[in-house]
Structure formats: C-alpha cells, structure tokens
Amino acid sequence: MSWETVMGLEVHLQLATASKIFSGAANKFGADPNSQACAVDLGMPGMLPVLNEQAVRYAVMFGLGIDARIGKRSIFDRKNYFYPDLPKGYQVSQFFEPIVCEGVFQVPLSDGSLFPIRITRAHLEEDAGKSVHDRFPGQTGVDLNRAGTPLLEIVTEPDFRTAEQAVAYLKALHSLVTYLGISDGNMAEGSMRCDINLSLRPTGSDSYGTRTEIKNVNSFRFVEKAIAAETARQQELLEDGVSIVQETRLYDADRDETRSMRSKEVANDYRYFPEPDLLPIVLTDDYIDSVRQALPELPAAKRERFIAQYQLSDYDAALLVSSPDMAAYFEKAVTLCDEPKAIANWMLGDLSAALNKEGIPVSQSPVEPQNLAGLVARITDGTLSSKLGKQVFEALWQGEGSADQIIEARGLRQVSDTGALEKLVADVMSENQDQVAQYRAADSSKQKKLIGFFVGQIMKASKGQANPQLINKILTEALDSD
Amino acid sequence: MPVTTEDVAQVALLARLSIPEETMEDVTGRFTRVLELVAELQQVDTDGVVPMSNPHDMEQRLRADAVTEENRRDELQKPAPSVEDGYFLVPRVID
C-alpha cells in the first residue's frame with residue numbers, strides 16, 4: 001500500500017524585544033544563569049504582569065505580513081502544567097482569542113512556484129525557563145533567564161505533504177521574520193523552534209490518521225530527517241497492523257530516530273482559563289493601519305521587483321531576497337556597477353561559497369558591495385578575464401584593497417594587445433613543433449584536444465593574463481595556415 | 001455530574017496535590033457538589049451574551065519595551081532551598 005504523509009507545523013518564534021513580555025528584565029541570549037530573571041519571571045507571590053507594547057506590535061506586524069486577520073480583541077489564558085522550569089505552574093498564553101487569526105502564507109518553492117499554506121493562528125505567550133539535566137549529579141538545574149521571553153506561536157493547517165514543503169515553509173518564515181525584524185530567527189539558539197504534527201493515511205484517502213507530535217526540532221536539516229524517521233516508523237507500524245499512539249515524541253539526531261516523551265502525556269490536560277491578571281488587548285483600526293504603513297518591503301514583493309527591475313531569474317531572485325542583508329548588498333553593488341546578472345552570479349557563486357566556508361553572514365563579508373562592483377566592472381570592460389577575476393576576488397577577500405588596486409599591484413591586467421599575443425603564440429608554437437606537426441596531421445576531434453594543450457601552454461607563459469578569446473582566434477589561425 | 005475517586009486522583013496529580021486515601025471519599029463528595037453548583041449555573045440562558053474574560057470593563061495597559069530590572073540574583077535566590085553556580089537545583093526531572 002502507498003501512504004501519504006500529512007503534516008501541520010507549529011513554530012515558536014522568540015521575539016527580538018529588549019525586555020521580557022511581562023517584565024522589565026533583559027531579553028538577551030547567553031547571559032549567566034538566572035541573571036536576567038526578575039521577581040515577575042520567577043513567579044514570586046504578588047507579582048503582576050505588565051504587557052510589553054513591542055511584543056504586541058511585532059505580533060501585529062507578523063499578522064499583516066502574511067495578510068492574516070488581526071484579532072482586534074485578544075485575550076490571555078493560563079495553560080496549566082507542572083514543570084520546574086515553569087515557576088508559576090502555568091504558562092500565560094492565548095488560547096481562546098489569539099492576536100493573529102487565519103491567513104494564507106505563500107511559500108516560494110525551488111522551482112519558482114508558490115505554495116499556499118493556511119495559517120490557523122498565531123498567538124503571544126511567554127517562554128519557559130531551561131532545565132539542565134547533565135550538570136548536577138542526581139539533580140536538575142533550572143535557569144529562568146528564558147522564562148518570560150516573548151514568543152509568537154505560529155500554527156498551520158495540515159497542509160504539508162513532503163519534507164521539502166515543510167523546509168521551504170520554514171525558510172520562507174525565517175526570511176519573513178528577519179525582514180520584519182521581529183526575531184533573529186536563530187534556530188541553533190532556539191529563537192525559532194519547530195513542532196511537527198505528523199500522520200499517515202493511505203494515498204487517496206481524505207480522512208486523517210492518528211498523529212504524533214515531534215517537539216522542538218532545531219534546524220532545517222533535522223526537520224527533514226525527523227520527518228523521514230517518523231514517517232518510516234509510522235509506516236512500519238501501520239503495515240504490521242499496529243495502531244499509532246497519539247503522543248509527543250523527540251527527535252534524537254545522534255540515533256536518527258524519534259522516541260516517546262512519556263512524561264508529557266500525564267499532563268496533557270492544560271485546563272485553560274482566562275488569565276485574571278491581564279486585561280484584553282484591544283487594537284484600533286488606526287493602530288493596525290499605522291503598523292501596516294510602517295512595514296518594510298517584504299520578501300515576496302522584493303522578489304517580484306528584482307525579477308522585473310533587474311531581469312533576474314526566479315531562482316536567482318529567490319536566493320538574493322532570502323535575507324534582507326543579501327538583498328541590500330545586491331542593490332548596493334548594482335547601483336555602483338549596472339550589471340545585475342553578473343553581480344548576482346558572483347554573489348551566489350564565489351561570495352556565498354566563501355561566506356559558507358568561513359561560516360559568516362553577508363553582513364560581515366570582507367568583500368564589501370563596492371569591492372564586488374569594482375571587480376565586476378573590470379571583468380565587464382575586458383580588463384580581467386573571468387579567471388583573473390577569481391584571483392582578484394581572493395585578494396579582495398584577503399583585504400588587499402579595491403579591485404583596481406589589486407590589478408595594479410599584482411599586474412593582473414588581461415593582455416588583449418594583438419601584437420603581444422601573436423608573439424606569445426609564435427613562441428609556444430616554435431617550442432612545441434612536434435605538437436604543431438601532430439595537429440596539422442590530425443582529424444578535427446584530435447585537433448580540439450591539441451588546441452587545449454596549446455592554450456594551456458600560452459596561458460601559462462602569460463601567467464594567466466592572455467585574453468582567452470583572442471588567443472583562441474590567433475592560435476587557430478596560426479595553426480591552420482602553414 | 002457524578003465524579004469518581006479516579007477523577008479526583010487525576011486532578012490532584014495534575015495540580016500536584018496529595019490527598020490522603022482516608023479523605024478521598026469526602027473530597028470526592030465535596031468536589032461533586034461544587035460541580036453540581038456549576039451545572040446549575042450553566043442552565044442560565046446566556047444566548048447572545050459575550051463571554052466575559054475579565055470583570056473590569058477595561059483594556060490592557062501596555063508598557064514601553066525597556067529594561068528596567070537589574071540582576072538581583074543573589075537576593076532572589078535566598079529563599080531557594082538549593083542553588084549552585086547560579087542555577088536553582090530541584091529533584092531530578094527528565095524525559
């Protein structure tokens with residue numbers, strides 16, 4: 001039997017506010033344990049929450065960014081469960097009336113098409129603290145710095161069928177929230193965490209199977225692997241006639257498998273009720289409009305504009321707009337050198353490769369937009385061959401100055417002077433008379449190989465500076481005329 | 001709505017309350033009477049009445065996003081039974 005995987009995703013997004021959602025404690029990653037946990041975050045008796053206006057604004061920005069309906073009157077609720085990293089014994093969340101209601105998010109796929117994902121809701125809540133199990137023998141350490149970090153939980157309908165779609169959605173979501181500036185989206189630091197609800201059903205069926213929830217998957221690659229592992233596990237059970245147990249599971253990357261988190265099951269009754277310490281959030285149309293007016297250009301619109309304005313392919317445009325820094329770099333370089341296609345190629349080729357190798361973002365690139373524009377300008381005007389261009393790029397990366405300075409200092413100017421090239425060709429031919437004779441006796445397919453040999457020798461003699469197009473022309477003429 | 005001792009035991013577990021075996025019957029009876037009171041309230045016709053999430057007819061006041069708290073860890077950890085290296089220590093809990 002063939003099976004279809006059905007998935008819905010829940011993403012917990014940490015909002016990049018300066019302070020916590022309900023207190024004035026700092027909201028920064030990586031501080032000393034409990035150094036950013038104030039009396040409100042610790043759930044001390046008598047402490048009352050006061051809502052952070054920036055968290056509300058960020059939630060509304062997100063809702064407008066996906067064209068969702070904004071809840072003009074939303075309410076906080078208590079989600080009750082017992083765990084040491086949740087000092088109050090409940091998490092303040094929004095269950096009945098969320099701040100962001102239904103919407104549709106258009107996810108660009110790698111073939112350039114758009115894949116609509118229905119967003120069920122997005123609601124504000126507070127993050128819990130962190131438990132450390134491996135540091136204190138026989139005990140658990142609790143760090144409450146994260147407690148009270150503002151979260152936006154974004155819930156989709158079960159619209160995903162493949163891991164590729166799920167990853168494309170997460171990447172598009174990551175791109176959107178970094179454009180909006182509402183989160184750093186750093187998955188490794190837990191700023192963006194993904195829960196996957198997954199079930200199987202026989203292909204063609206329109207009812208849903210029993211689902212499991214894989215919690216807290218923290219990289220795009222692990223999302224892909226967790227989906228593959230859980231799909232295989234469920235399929236094996238179903239084919240053996242065993243029913244799936246609805247439960248929470250964890251993805252274990254070391255073993256590449258999911259396993260049950262049994263302890264979460266007992267507490268799977270959260271007994272939600274309205275939070276009496278907080279009043280309803282009421283948003284006016286004027287407020288929502290003012291937030292809308294202030295939205296930056298978002299990835300989807302920017303992508304369309306790049307295609308139209310710079311004649312880029314769907315694929316190149318999608319890659320360039322994936323982060324606001326990439327897009328800004330591109331546009332800055334293009335204003336200095338009006339060769340969008342060449343700039344895009346360099347950025348998506350050598351520059352991206354070098355950045356990946358060093359593991360640094362484009363904002364920290366040692367090759368700045370004006371450097372890359374200078375390089376592309378010298379290739380376009382014929383000063384540099386593309387091969388010399390790569391040498392100049394390396395030198396730019398090493399911080400040896402501008403493209404022109406490097407060309408000057410290293411004497412890298414491409415030789416396009418016909419007289420000089422003719423002499424080079426003549427020298428190489430006289431040093432390799434056997435090959436010249438072979439060439440003249442050979443058929444055309446062998447001749448092509450021998451041409452390669454001569455070009456190689458000439459480039460070597462010119463230290464890579466001979467203009468390859470001219471060399472080819474002069475060489476072929478010289479070889480063909482005895 | 002009759003409540004069983006198992007229901008009470010489950011609710012007690014979720015709330016981390018310990019109910020001595022010998023009082024279980026009594027607690028279950030009182031629990032049932034509270035729910036009966038609620039059931040009676042639920043008979044009131046509330047069609048067209050917007051659920052009230054808060055008795056105050058007011059909106060949530062928002063605060064500016066500014067860090068106003070400083071690190072007072074030493075003071076705040078004083079009441080804790082056990083701390084080490086800045087962490088609160090609790091009996092081992094693990095999934």
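Predicted model: local features only at pLDDT ≥ 70, side-chain atom pairs only at ≥ 80, totals over all residues.
Residues are numbered from 1 along each chain as its sequence is written, with chains lettered from A in the order in which they are written. Local features need pLDDT of at least 70, and side-chain atom pairs count only at pLDDT 80 or more, with side-chain values using heavy atoms and leaving out hydrogens and water.

S9(A) also pairs in the antiparallel sense with strand S8 (residues 130-132) of chain A, over three bridges, and here Val142(A) is the bridge partner of Ser131(A). Six residues lie between the strands of this hairpin, in which Gly138(A) takes a positive phi near 75 degrees. Because four of the five residues of S9(A) (residues 139-143) are buried, the strand is largely enclosed by the rest of the structure, where buried denotes under 20% relative accessible area (1.4 Å probe, protein chains only).

Elsewhere in chain A, the axes of helices H13 (residues 418-431) and H15 (residues 444-461) come within 10 Å and cross at roughly 120 degrees, the axes being lines fitted to C-alpha atoms over the stretch in contact, with angles from 0 to 180 degrees between N-to-C directions. In the contact (heavy atoms within 4.5 Å), Leu424(A), Val425(A) and Val428(A) of H13(A) meet Phe454(A), Gln457(A), Ile458(A) and Ala461(A) of H15(A).

Technical notes: Buried < 20%, exposed > 50% of the residue type's maximum accessible area, 1.4 Å probe, protein only. Helix = DSSP H or I, 4+ residues; strand = E, 2+ residues; numbered from the N terminus. Pairing = 2+ DSSP bridges.
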